[in-house]
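Hello,

Here is the structure I promised to pass on to you. Have a look at it first, and then read on for what I found.

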Amino acid sequence: MRILVVFCHPVPESFCAAVRDAAISGLEKAGHEIDLLDLYAEGFDPVMPADERRRYNEMKLADHPFPDHARRLKAAEGLIFVYPTWWYGLPAMLKGWLDRVWTGDLTFEIPDGPGSIRPLMTHVNLLGVITTCGAPRWWSYVVGHPGKRTILRGMRALCGKRCRRVFMAHYMMDKSTPQTRATYLAAVEKRLSKL
Amino acid sequence: MRILLVHAHPVASSFNASLFRMSLDRLTEAGHEVDVIDLYQDGFDPVMSEAERLTYHDTAINRQPVEDYVERLLAAQALVLVYPVWNYGYPAILKGWFDRVFLPGVSFGLVGGKVQPTLHNIEKILVVTSYGGSRFRSWLMGDPPRKIANRMLRATIKPGAPVTYLAHYAMNLSTPETRQAFMTRVERALDKI
């Protein structure tokens with residue numbers, strides 16, 4: 001499977017970067033072809049400017065503001081997101097990537113009249129979120145895992161009908177130890193090597 | 001009341017921006033002291049930098065890059081947020097405002113790895129927002145922005161303080177009547193502050 005791994009963390013030597021490497025190593029063991037998109041390394045600008053917002057509802061693939069990202073998204077059969085959970089959600093940079101890159105005519109079509117939007121990412125049949133959280137597991141459930149839901153429910157609605165979902169989190173990062181982190185890295189690699 | 005009014009929409013002619021301008025006028029007329037943060041107007045950069053991430057937990061210096069916003073947040077008695085929901089979440093510019101400004105030592109403390117909310121100067125929150133999706137579809141998706149407001153923000157401010165969440169869903173199918181009806185709901189909520 002062609003898998004686009006979207007990575008978002010400002011610190012190259014962070015634990016999150018190690019999680020990314022474990023994920024990629026697992027996916028490669030399973031024989032997948034990896035395309036890595038590192039948003040901070042690219043200096044991606046997540047702020048949608050006014051003219052883009054004005055064009056948003058009628059956006060055509062030909063006018064896409066990030067043709068390279070659009071092409072890579074279109075080529076993907078699986079998507080794995082690796083990011084730290086900040087304020088229960090996606091880092092602003094990743095949220096802005098969804099807003100600016102997942103446009104109409106690429107990921108969905110808006111019908112002329114009433115009715116739901118039509119998904120166009122039906123070539124994606126694997127969607128994964130691999131993250132780290134400061135909060136404990138129970139409180140993340142109370143708040144409703146907003147970041148996880150944005151991707152695994154919101155964006156999944158634009159993917160294939162039988163799109164498989166994977167979610168993994170290391171909770172309570174501020175209390176983590178070398179052991180809990182090593183266990184998590186091993187679990188990530190193992191789980192993804194079985195996909 | 002000292003009210004911090006935060007707005008995040010790039011297009012001045014949008015419905016959302018008109019909600020923002022109406023809120024500002026109405027609150028000012030009611031005699032409140034309104035401090036406006038228009039994130040697009042400010043050209044706010046929502047991206048937390050590597051240096052900021054590395055000093056995130058150092059409460060002596062972590063607020064330096066956003067000190068002005070921190071002071072205004074801590075001086076407020078009420079918070080009014082006017083923004084659109086995009087992809088079941090905040091626009092990046094607003095998400096980044098939370099990421100960069102709601103820091104340890106500002107909105108919460110970390111005691112033994114546990115978060116203790118500290119934004120007790122805020123006695124009231126009003127959220128005014130608009131969704132592309134229907135209420136049902138948003139509910140299916142877990143409505144993350146509603147949960148963030150009603151659970152996370154509620155837990156961060158003064159214990160027991162009210163959080164009001166007003167949303168116009170299905171904007172793509174909205175009519176002048178639905179928008180006017182929503183404006184009226186927002187006006188009433190503003191008058192209650």
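Which residues have the most contacts inside the largest nonpolar core? They are Val5(A), Ala23(A), Leu39(A) and Val82(A), and that core has 105 residues. By nonpolar core I mean a set of buried Ala, Val, Leu, Ile, Met, Phe, Trp, Tyr and Cys residues joined through C-beta atoms within 7 Å. A residue is buried if 20 or more other C-beta atoms lie within 10 Å of its own, exposed if 12 or fewer, and partly exposed in between, with C-beta atoms placed from the backbone.

Before going further, please keep in mind that this is a predicted model: local features need pLDDT of at least 70, side-chain atom pairs count only at pLDDT 80 or more, and totals for chains, interfaces and linings use all residues. Residues are numbered from 1 along each chain as its sequence is written, while chains are lettered from A and ligands numbered from 1 in the order in which they are written.

Leaving aside neighbours within four places in sequence, Ala23(A) is in contact with Val5(A), Ile80(A), Val82(A), Ile130(A), Val188(A) and Leu192(A); two residues are in contact if their C-beta atoms, placed from the backbone, lie within 7 Å. Another core, of seven residues, lies apart from the largest one, and its members include Trp86(B), Tyr88(B), Tyr131(B) and Met171(B).

Now to where the chains meet. On this interface, 35 residues of chain B are in contact with 36 residues of chain A. Three elements of chain B give two or more residues to the side that touches chain A: helix H3 (50-54), helix H5 (92-101) and helix H7 (144-156). Helices (H or I, at least four residues) and strands (E, at least two) are DSSP runs, numbered from the N terminus. H5(B) gives the most to that side, with six residues. Sorted by class, the side of chain B that touches chain A has 22 nonpolar, seven polar and six charged residues. Here Ala, Val, Leu, Ile, Met, Phe, Trp, Tyr, Cys and Pro count as nonpolar, Asp, Glu, Lys and Arg as charged, and the others, Gly among them, as polar.

H5 deserves a paragraph of its own. Helix H5 (residues 92-101) of chain A and H5(B) pack at an angle of about 170°, with their axes 8 Å apart. Axes are lines fitted to C-alpha atoms, for helices over the stretch in contact, and angles run from 0 to 180 degrees between N-to-C directions. That angle makes H5(A) roughly antiparallel to H5(B); angles under 35 degrees count as roughly parallel, over 145 as roughly antiparallel, 65 to 115 as roughly perpendicular and the rest as oblique. Ala92(A), Lys95(A), Gly96(A) and Asp99(A) of H5(A) make the contact with Ala92(B), Lys95(B), Gly96(B) and Asp99(B) of H5(B). These residues divide into two nonpolar, two polar and four charged.

Is H5(B) enclosed or open? Ten of the ten residues of H5(B) are buried, so the helix is largely enclosed by the rest of the structure. Its cover includes H5 of chain A, together with helix H2 (39-42), H3, helix H4 (67-75) and strand S3 (78-85) of chain B.

On the chain A side, Asp99(A) sits in helix H5 and is buried, with 23 other C-beta atoms within 10 Å. Not counting residues up to four places away in sequence, Asp99(A) touches Met48(A), Trp86(B), Asn87(B), Pro91(B) and Ala92(B). One of these, Asn87(B), is found in the loop between S3 and H5 of chain B. Phi of Asn87(B) is near 50°, a positive value in a residue other than glycine, and Asn87(B) is buried, with 23 other C-beta atoms within 10 Å.

Ala170(B) also has phi near 50°, a positive value in a residue other than glycine. Ala170(B) lies in the loop between strand S7 (163-168) and H8 of chain B, and counts as partly exposed, with 17 C-beta neighbours inside 10 Å.
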